Each structure stands twice: as C-alpha cells, then as structure tokens.
Amino acid sequence: IEVKPKLNLTQMMKQKDDSVTALTKGIEFLFKKNKVDWVRGAGRIAGPGKVEVTGDDGQTTTLETANIVIATGSEPNPLPSVTIDQKRIVDSTGALALPEVPKRLLVIGAGIIGLELGSVWRRLGAEVTVVEFLDRITPGMDGETAKAFQRSLTKQGMKFKLGAKVTGAEARKNGVSLTVEPVAGGEAEALEADYVLVAIGRRPFTEGLGLESVGVKTDQRGFIETDHFRTSAPGVWAIGDVTHGPMLAHKAEEDAVACIEIIGGKAGHVDYALVPSVVYTFPEVAWVGQTEEQLKEAGRAYKTGKFPFSANSRAKINHETEGFAKVLADAKTDEILGVHIIGPQAAEMIGEYCVAMAFRAASEDVARTCHPHPTRSEAGRQAAMGVEGWTMQA
C-alpha cells in the first residue's frame, strides 16, 4: 500500500475533541444508568455534612449528606521562573491544543507527561528538545529500561539536556527564549523555540475546597492525609490524586471502589504495590512492582530474566522489534517482584503480570503457562523463562 501522508492538524484536533466528548458523555450515561445525580458547578465544603455548589449562573445550592468524598484530582505544577500563558508557554492542557506543529518545541521536564506530549509533536514533525533537572529521564522507572527508552526517543530525533535547570523564559509574539544553565554550575545559554511546554509534574487540587470548614488540613505539597481514605474529619473521605501515591487514573478508580465499599460497610482494599505505570509513547513503556535499583537498595537477592522483542515472532512480523521484557524474581522463592516492558503494546502486556503478582506467582508459573503464538505476550513468558536460564526462543 503506497500512500503520501499529509497531516490535517485541524481534523486531528477534531478527532481528539470528539474522543473526549464521547468519553465524558459515557460517564454521563453511567450516572443515569446507576441513578447518580449530577450537580454541575464549583463545589466546596461548607461545614460538616454540607457542600455548596455554585452553578454557571452564579446560583448556589447547598447539598446535605452523611459522607463527602474529595476526588478533585490534580493540576500541572507551575515553575516559578516561567509564566504559563497558554499561548507560547503552555502546560499539558495547552500542549494538547496547539494551533500548529511547532518548528521547535522545548519541553521542561523529562517525566511521563513531558515525554508523551513531546514525542507526539516530534512524530508530527517538530524539533523537540527536553530540558531535565536530573541527570536521567523518567525518575522512578527501572534504570536499564529508562536508558533504553532514552536511546529510542533519541533515535526518533528528540534531544535531551539533562542536569540542566531553567532560570527564566521570555515569551514573544512568535516564539520563546528559554534561559538554561547546568545544575553543576557553568555558563547559562538561551534556547529558542516556537513553543515551550512546562511538564514538571502535577500537584493535588485542594485549594478553595473549604477544607478548613471541617478541620481538614493539607501537607506542604497540598496532599490530604488519610487513613484508609478517611480524613481527620468524620464523614469526609479523600481519594485519587489529592492523596499520596501515584497520580494515575486507574489508581484513583481503585481508590474510589475501595472507599465506597468501606462507606457501605464492606472491606475495601487497594494493593498499591501492584498499581502498574505506563508511558504512552512509541514504543510504550510499562512496569509493575519493584525496579532493580529498589531491590538493590533493599538488599534483596533477585534473579533477572530478559527477552528482546527482536526475537519475538509477532514483533518481527510487524517490524516492531525495539525493546524488551524483563522479569525480576526473588533469588530463593522465585516470587515475581517486578516486571518492566519497553516495546509494542507494553501497556496491554503488563496486565498479565499484575494478575500473576496479585496471586504471588513465581516466574516459573508464568514460564510454564502456554501462551498463544505468534503474540507479543510470548516475550513476557520468555523473559520469565530467562529467570532460571531456560529461554527457548532466543
């Protein structure tokens, strides 16, 4: 099939907006299906058992309830030296709606969000440079996997300035000048770009919620302290990004289910050690459990099994051979302690290991389970075989 691709950014943005609309309308449908009343407006706690909602028309409604669940999520972290105007200097929200493909895009922060959005605009033709304060990308990711990930993004044309801090930004009509200097000390330099994306993480959205009216306090970073989702105020609960832990939608969903089960008198529980993480780039990166660095720091003896997608039949057929699957297991018991995958559809593959680890499976349990052929999931099985050194397909 021979084609000459041509980007229609307007249509692409429409498709994105249509997808968002469809998903949010899906939530509306679920509200109706499950007899959930939706009150639109800005809500704040107005005292024990009371929530005030100010609608678009300025009218305020007071709701009375036995339980209040705070689930207000998070917002992008600001950078003191850089003013976000959502025109030339944008956060993750603005980066999803740029009016054109930048010729040059600067991304501040080599975390998941910055790399996801940066890689999108790179694939659409932008020259992308990522500025990161640390000397590595994606802190928290397994070190070997992070290095392979950076090599992959570099091969795609993304550039990295690691160990660099941003000290200022000047937005102009047609671009931005970003002042950057080495963390270790040295000469400052000015980087020029059409747009700058600030992606240095997210912070809990807890300001202006009336928490003081029920005596709930936040820590210095704005997080609400909880004990099994209970705050310090009776009948007030908190879940998701406003609480400590990974700021992930699927983690918040687990929180929500467990919280409501507890309110309903059941035994709600979330195993945070088994919350998977994913970077939705190409290739994808997904992991669950502990990294090699964490195991070494804990002094835990472990074995490693690793299998490259270059030896996986499905990946070879589809010409998507970049990356690998890696399994870490206890050296004595063989219990799976962590799994790290970089490659095609890694996000789909990690679920198998979430289930295996929930049952405290050994690497041999996965290694001796028949997987369909040819599939990418075989790479995960072969990596499990590799823990004990009996990989068959490479």
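The legends below describe close-up views of a predicted model.

**View 1. The β1–β2 hairpin.** Strand β1, residues 42-45, and strand β2, residues 50-54, run antiparallel and are joined by four bridges. Within this pairing, Arg 44 stands opposite Glu 52 of β2. Four residues lie between the two strands of the hairpin. Gly 47, in the turn, has a positive phi of about 125°.

View 2. Strand β7 (residues 104-108) runs parallel to strand β8 (residues 127-132), and five bridges join the two. Leu 105 of this pair stands opposite Val 128 in β8.

**View 3. The largest nonpolar core.** The core shown has 30 residues, and those with the most contacts inside it are Leu 115, Val 130, Phe 149 and Leu 197. At least two of its residues come from each of α1 (9-33), β7, α3, β8, α4 (143-155), β13 and β17. The most is given by α4, which supplies four residues. Val 130, leaving aside neighbours within four places in sequence, is in contact with Val 107, Gly 109, Ala 110, Leu 115, Met 158, Lys 159, Phe 160 and Lys 161.

**View 4. Helix α4.** The 13 residues of α4 reach 18 Å from the first C-alpha to the last, close to the 18 Å expected at 1.5 Å a residue. Its buried residues are Gly 143, Thr 145, Ala 146, Ala 148, Phe 149, Ser 152 and Leu 153. Of these, Phe 149 is also among the residues with the most contacts inside the largest nonpolar core. Gly 157 follows α4 and has a positive phi near 110°.

View 5. Five strands in the order β16-β17-β20-β19-β18 form an open sheet with antiparallel pairing. Strands β16 (277-279) and β18 (302-308) stand at the edges with a single partner strand each, so one side of each has no neighbour in the sheet. Direction ignored, neighbouring strands are turned by 10° against each other on average. Helix α10, residues 377-387, packs on the sheet and touches β18 and β19. The direction of α10 makes about 145° with that of β18.

**View 6. Strand β19 and its two partners.** Seven bridges pair β18 with strand β19 (residues 324-330) in the antiparallel sense. Along this pairing, Tyr 302 stands opposite Asp 330, and Pro 308 stands opposite Phe 324. Six bridges join β19 to β20, and these two strands also run antiparallel. Val 327 has Val 339 of β20 as its bridge partner. The hairpin of β19 and β20 has five residues between the strands, and Asp 334 takes a positive phi near 70° there.

**View 7. The two faces of β19.** Seven of the seven residues of β19 are buried. In a regular strand, side chains alternate between the two faces of the sheet. On one side of β19 are Phe 324, Lys 326, Leu 328 and Asp 330, and on the other are Ala 325, Val 327 and Ala 329. Both faces of the strand are covered.

**View 8. Helix α8 and its surroundings.** Helix α8, residues 346-358, has 13 residues and reaches 19 Å from its first C-alpha to its last, close to the 18 Å expected at 1.5 Å a residue. Buried in this helix are Ala 346, Ala 347, Met 349, Ile 350, Tyr 353, Cys 354, Ala 356 and Met 357. These residues cover an arc of only 165° around the axis, which puts them on the same side of α8. The face turned away from the buried side carries the exposed residues Glu 348 and Ala 358. The cover over the buried residues includes β16, β17 (284-289), β19, β20 (336-343), α9 (363-367) and α10. Arg 360, which follows α8, has a positive phi near 55°.

Key: Residues are numbered from 1 along each chain as its sequence is written. This is a predicted model: local features need pLDDT of at least 70, side-chain atom pairs count only at pLDDT 80 or more; totals for chains, interfaces and linings use all residues. Side-chain values use heavy atoms; hydrogens and water are left out. Two strands pair if DSSP finds at least two bridges between them. Axes are lines fitted to C-alpha atoms, for helices over the stretch in contact, and angles run from 0 to 180 degrees between N-to-C directions. Contact means heavy atoms within 4.5 Å. The expected span of a helix is 1.5 Å times one less than its number of residues. Buried means under 20% relative accessible area, exposed over 50%, partly exposed in between (1.4 Å probe, protein chains only). The arc is that of the directions from the helix axis to the C-beta atoms. A nonpolar core is a set of buried Ala, Val, Leu, Ile, Met, Phe, Trp, Tyr and Cys residues joined through side-chain atoms within 4.5 Å.
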